[in-house]
Amino acid sequence: DGSMVIAAADGSCASRIDIGERSRFAVLSGDVAGSGGMQIVLLTESGSVLCYGVPGASSWESSGRSSITDGAIDSHHILRVRISDHSKRHRDISGEHMTVSVEILDERPQGYARPLGDRDQFRAVVRAGSARAVRTTFTSAGRHSVTVPIPKSAQRGTVRVEVTDGHGALYTDEFVADFNVHFYRMIKWLVFLPFLAVVFGLFVSGR
């Protein structure tokens, strides 16, 4: 109908902009101006390219996509989340728990307007394979450690970190790991070796 509606994280209408013509193309969002804020870029049916600034909203990375962040682009990497290289190092993880090191890199300008009542808070969900997810809240950017349960049965799975900022933008990182694989292989050998020893003893005595 010639209008663009900007929805808040809770699904309510945050703003309505009259663009004067129709658009049937995907809307892109990102830090086009390099200011740490978010701008929305859209293409109209007549071929016009329009760019609108969204006060108090941050841009987010296209690699961390969800129903909120589809089509989002942050070429300046103002805010991003990553799992440490040490945590991502491929190995067999045994036991009942593991510790995941998460780093939130916040390079937004000091004058950037953050959400009221939710300043610098990041809600995180960390899950290892099919085990129960752990939910926590970080009150600042930087490095954080989260201890999560791992699957009890031997399997290969994904360790996934999801961090949501005060605007509802979602950032993700993940890696693949083995859980209790070598431990269960050792158990199999401990069960099999006595049986093999008995069979070998019977074979020798029968000769």
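Modeller: A salt bridge is taken here as a side-chain nitrogen of Lys or Arg within 4 Å of a carboxyl oxygen of Asp or Glu. The model is predicted, so local features need pLDDT of at least 70 and side-chain atom pairs count only at pLDDT 80 or more, while totals for chains, interfaces and linings use all residues. Residues are numbered from 1 along each chain as its sequence is written, and side-chain values use heavy atoms, with hydrogens and water left out.

The search of the whole structure finds 6 salt bridges. Among them, a network links R82, E103 and R143. In the pair of R82 and E103, the closest N and O atoms are 3.2 Å apart. Because R82 lies in strand β7 (residues 79-83) and E103 in strand β9 (residues 97-106), this pair ties together parts that are 21 residues apart in sequence; strands are DSSP runs (E, at least two residues), numbered from the N terminus. E103 also forms a salt bridge with R143, with 3.9 Å between the closest N and O atoms. That pair links distant parts of the chain, 40 residues apart, since R143 belongs to strand β12 (residues 142-149) and E103 to strand β9.

For accessibility, buried means under 20% relative accessible area, exposed over 50%, and partly exposed in between (1.4 Å probe, protein chains only). E103 is buried at 17%, R82 is partly exposed at 41%, and R143 is exposed at 68%.

Definitions and conventions:
Helix = DSSP H or I, 4+ residues; strand = E, 2+ residues; numbered from the N terminus.
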